[in-house]
Amino acid sequence: MRNIFLIAITLISTVFTATAQEFQGKAIYETKLIKAPDFGGRDMPEARKKEIMERMKSAMEKTYILTFNRTESYYVEDEKLEAPGGSGPGWMRFMGSGSTGKYYKNIKEQNYTNQVEMYSKNFLIKDELKKPEWKMGSETKKIGNYTVYKATLTTPIDTTGVGSMTRMFRRGRQGEQPEREIPTEKTVVAWYTLDIPISQGPAEYWGLPGLILEVEQEGSTLVCSKIVMNADDVVEVKAPTKGKDINQKDFDELMIKKRQEMMENFRRGGNRGGRGR
């Protein structure tokens, strides 16, 4: 009798483990640009601002796919055929690239790997996951059929991204004029659902008691438009492997250096143009 009981417990444990391993899903996210960065300041005509906004929307509004299981996730852009003429001016493509390529998170092992391409070279950014200090809110709303809950996060502004480049372009176009105080932090708003109780989310976001379905930050939103759970075609979630290994700190320093070089070239080109008029 005791042997039968032990066999039954073993079978139940095996079934539970298999179910846990097979648990997986896929979430589709869409980015929406709400407000364009202030490239021209107050002196730029409204028509020009509108034109830049439309071109930035074309270049930066994209679709992403998050594949996840209980402990891992893999986030990648859903690449589509680019329209004739590209996705905007060269500087816009430059600024929008490299932020998130193929992003793998392992919340059990507390690490991530982010494969990005910059300057025609692939990098594998490998580092430790740092638990975000979310502030839980009581506000709720609906995203599709899911009830979602609000959480906020205060985090440092990425000095290697679009905001940093915006300030440098503005100085290059307007000269060294006095500027408003530049913020060093930003507030991120996330909406998560307890119906999918995993601590995952798009890009670098995670650490809540349910799957993050929407992220609002710096004039843009990233919102889930579709979820497929436990599909028949099981996809292995694993880290990308193509690129030069580098940690986050060294990568950020490299990007700052490269973009400062780019701005110096931009300024020198503008000065030569001014002398020629």
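A nonpolar core here is a set of buried Ala, Val, Leu, Ile, Met, Phe, Trp, Tyr and Cys residues joined through side-chain atoms within 4.5 Å. With that in hand, some notes on this one, which is a predicted model.

1. The core. The largest nonpolar core has 41 residues. Tyr29, Trp134 and Leu211 are the residues with the most contacts inside it. Looking at who contributes, strand 9 (residues 185-193) gives the most to this core, with 5 residues.

2. Aromatic pairs. The count comes to 6 aromatic pairs. One of them is Tyr29 with Tyr75, an edge-to-face pair at 6.4 Å centre to centre, with 70° between the planes. This pair links distant parts of the chain: Tyr29 belongs to strand 1 (residues 25-33) and Tyr75 to strand 3 (residues 72-77), 46 residues apart. Tyr29 is buried, with a relative accessible area of 0%, and Tyr75 is buried as well, at 2%.

3. Why does Tyr64 with Tyr75 count as stacked? The ring planes are at 15° and the centres 5.0 Å apart, so the pair gets that label; the cut-off for stacked is planes under 30 degrees apart. Tyr64 lies in strand 2 (residues 63-68) and Tyr75 in strand 3, so the pair ties together parts that are 11 residues apart in sequence. Tyr64 and Tyr75 are both buried, and together with Tyr29 they form one aromatic cluster.

4. Lysines over rings. Have a look at Lys141: its charged end sits over the ring of Trp191, 4.5 Å from the centre.

5. Ala231. This residue is in the loop between strand 11 (220-229) and strand 12 (244-246). Buried or exposed? At 28% relative accessibility, Ala231 counts as partly exposed, because buried means under 20% and exposed over 50%. Ala231 and Gln24 are 207 residues apart in sequence, yet their C-alpha atoms are 7.8 Å apart in space.

Definitions and conventions: Residues are numbered from 1 along each chain as its sequence is written. This is a predicted model: local features need pLDDT of at least 70, side-chain atom pairs count only at pLDDT 80 or more; totals for chains, interfaces and linings use all residues. Side-chain values use heavy atoms; hydrogens and water are left out. Helices (H or I, at least four residues) and strands (E, at least two) are DSSP runs, numbered from the N terminus. Buried means under 20% relative accessible area, exposed over 50%, partly exposed in between (1.4 Å probe, protein chains only). Rings of Phe, Tyr and Trp (its six-membered ring) pair if their centres lie within 6.5 Å; planes under 30 degrees apart count as stacked, over 60 as edge-to-face and the rest as tilted. A charge sits over a ring if NZ of Lys or CZ of Arg is within 6 Å of the ring centre and within 35 degrees of the ring normal.
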